[in-house]
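These are my notebook entries on one structure. Each entry records what I looked up and what I found.

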Amino acid sequence: MQLKDNVWIVTGAASGMGGACAKMIVNNGGKVVIADINVRKGRKLAEELGKNAIFLKTDVTSEEDASRTVEDSINHFGKLNGLINCAALGVAEKILNKKSTHSLEHFSRVVQINLVGTFNMLKQVADKLKRNEPNQDEEQGVIINTASVAAFEGQIGQAAYSASKAGIAGLTLPAARELARYGIRVMTIAPGLFETPLYEALPESAKDTLGGMTPFPQRLGRPSEYAALSKQIIENPMLNGETIRLDGALRMPPK
Ligand SMILES: C[C@H](O)CC(=O)SCCNC(=O)CCNC(=O)[C@H](O)C(C)(C)COP(=O)(O)OP(=O)(O)OC[C@H]1O[C@@H](n2cnc3c(N)ncnc32)[C@H](O)[C@@H]1OP(=O)(O)O
Ligand SMILES: NC(=O)c1ccc[n+]([C@@H]2O[C@H](COP(=O)([O-])OP(=O)(O)OC[C@H]3O[C@@H](n4cnc5c(N)ncnc54)[C@H](O)[C@@H]3O)[C@@H](O)[C@H]2O)c1
């Protein structure tokens with residue numbers, strides 16, 4: 001599917017990799033809805049990007065917010081062609097601590113935002129994409145989710161985050177299989193370590209050990225590199241139902 005003149009919702013786009021995707025879409029002639037809970041940063045980016053971008057305050061865990069954002073996106077830009085799910089949150093907490101066990105509230109919150117929020121947006125966007133006219137490749141829409149290498153080799157202290165991201169990887173194939181009849185592709189990107197505010201929020205000890213661990217290139221990934229893969233996924237009709245690692249060959253150790 002082409003980016004030009006098409007409309008995309010990007011969740012978590014007020015920051016990091018979602019923000020880079022919003023820029024990539026506008027730079028390629030597309031239109032973007034920045035869907036995030038961070039009003040200040042979301043509005044600022046939308047202003048920066050001009051008339052082909054709008055900010056809509058959206059909590060991805062809310063069915064009401066997701067539904068309103070999807071409707072408002074179509075009302076504003078006249079159509080919708082896809083979704084990039086980037087909104088997420090991480091916690092670093094062990095299952096067993098000296099005096100307590102992992103907070104169930106923290107575990108549920110991470111799964112709720114990362115996994116349930118991804119599914120909430122996916123189902124509501126897919127419900128609109130299925131009504132689109134197929135393009136010359138028979139496509140009606142593209143959905144990209146974001147997992148993490150932690151879906152496959154989560155470290156100690158990442159039980160909640162890794163479980164949520166593994167859930168996203170697991171969701172990818174059944175969603176792609178079911179939505180195939182509507183010409184909707186579903187793909188997931190599993191990033192390694194990327195230079196964003198989320199990475200900055202990791203515990204210092206984790207940053208110290210992980211910082212130089214990516215074999216090549218030996219640096220943190222750039223959000224623009226995530227956006228470049230999203231562009232390829234959108235434009236290449238054969239990419240479907242797969243989770244692609246984007247990690248410079250990083251394999252995280254247990255701790
Ligand atoms: C964000 C993107 O998606 C990409 C990523 O995912 S980046 C990777 C991010 N990684 C993280 O965030 C790591 C999260 N975890 C942590 O930061 C820390 O584990 C934590 C803050 C939750 C806990 O740290 P801390 O309390 O210092 O525990 P830590 O020192 O690791 O270990 C404590 C105990 O576990 C034990 N332990 C550690 N590793 C162990 C192992 N492999 N086997 C058995 N025991 C182990 C230690 O012996 C120690 O025991 P003791 O305290 O009784 O002597
Ligand atoms: N940075 C990394 O190293 C790294 C590695 C692997 C995977 N990831 C994943 O990449 C994606 C983007 O991460 P990032 O590094 O750009 O993070 P980031 O913290 O820069 O951006 C995340 C955005 O999500 C928004 N958000 C949080 N909760 C929300 C909610 N309930 N509703 C709507 N928006 C919400 C935040 O306001 C923020 O703008 C995430 O899914 C993250 O788990 C990041």
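Predicted model: local features only at pLDDT ≥ 70, side-chain atom pairs only at ≥ 80, totals over all residues.

**Entry 1: helix H9.** I listed the buried residues of H9 and found Pro223, Tyr226, Ala227, Ser230, Ile233 and Ile234. They cover an arc of only 115 degrees around the axis, so they lie on the same side of H9. On the other side of H9, I noted Ser224 and Gln232 as exposed. I then looked up what the buried residues of H9 pack against: helix H1 (16-27) and the strands S4 (82-85), S5 (141-146), S6 (184-191) and S7 (243-246).

**Entry 2: helix H1.** I turned next to H1, one of the elements that the buried residues of H9 pack against. The twelve residues of H1 should span 16 Å at 1.5 Å a residue; I found its end C-alpha atoms 17 Å apart, which agrees. Is H1 mostly covered or mostly exposed? I found H1 mostly covered, with ten of its twelve residues buried. The buried residues of H1 are Gly16, Met17, Gly18, Gly19, Ala20, Cys21, Ala22, Met24, Ile25 and Val26. After H1 comes Gly29, which has a positive phi near 85 degrees.

**Entry 3: the shell around ligand 2.** I counted 29 residues around ligand 2, of which Gly12, Gly16, Ala88, Thr196 and Leu198 come nearest. The elements that give two or more residues to this shell are H1, H4 and helix H7 (197-200). By residue class, I recorded 15 nonpolar, twelve polar and two charged residues in the shell around ligand 2.

**Entry 4: the shell around ligand 1.** Around ligand 1, I found 20 residues, and those that come nearest are Ala92, Ser148, Ala150, Gly157 and Pro203. Which element gives the largest share of this shell? Helix H8 (residues 204-210) does, with three residues. I recorded the shell around ligand 1 as eleven nonpolar, six polar and three charged residues.

**Entry 5: backbone exceptions.** Most residues other than glycine have a negative phi, and most peptide bonds are trans. I searched for departures from this pattern.

- I found the peptide bond from Phe216 to Pro217 to be cis, with omega near -5 degrees. Pro217 is placed in the loop between H8 and H9.
- Asp5, a residue other than glycine, has a positive phi near 65 degrees. I located Asp5 in the segment before strand S1 (7-11). Asp5 counts as exposed because it has 12 C-beta neighbours inside 10 Å.
- Glu138 is not a glycine either, yet its phi is positive, about 70 degrees. I located Glu138 in the loop between helix H4 (104-129) and S5. With 8 other C-beta atoms within 10 Å, Glu138 is exposed.

**Entry 6: Val186.** I looked up Val186 in strand S6. Is Val186 buried or exposed? Val186 is buried, because 26 other C-beta atoms lie within 10 Å. Leaving aside neighbours within four places in sequence, I listed the contacts of Val186 as Ile143, Thr172, Ala175, Ala176, Leu179, Asn240 and Gly241. I also noted that Val186 and Leu122 are 64 residues apart along the chain, with their C-alpha atoms separated by 9.1 Å.

**Entry 7: two arginines.** I placed Arg181 in the loop between helix H6 (159-179) and S6. Arg181 has 9 C-beta neighbours inside 10 Å and therefore counts as exposed. Arg181 and Glu139 are 42 residues apart in sequence and 9.9 Å apart in space, C-alpha to C-alpha. I placed Arg109 in helix H4. Arg109 has 16 C-beta neighbours inside 10 Å, so I recorded Arg109 as partly exposed. From Arg109 to Tyr199, I noted 90 residues in sequence and 19 Å in space, C-alpha to C-alpha.

Entry 8: I consulted the UniProt annotation, an unreviewed entry, which gives "domain: Ketoreductase" for residues 6-192. Over residues 6-192, I recorded 48% helix and 18% strand, with the end C-alpha atoms 29 Å apart.

Conventions
Residues numbered from 1 in each chain as written. Chains lettered and ligands numbered in written order. Near = placed C-beta within 6 Å. Helix = DSSP H or I, 4+ residues; strand = E, 2+ residues; numbered from the N terminus. Nonpolar A, V, L, I, M, F, W, Y, C, P; charged D, E, K, R; others polar. Buried ≥ 20, exposed ≤ 12 C-beta atoms within 10 Å, placed from the backbone. Arc of directions from axis to C-beta. Contact = placed C-beta atoms within 7 Å. UniProt positions renumbered as here; feature names shortened; annotations may be inferred. Expected span 1.5 Å × (residues − 1).
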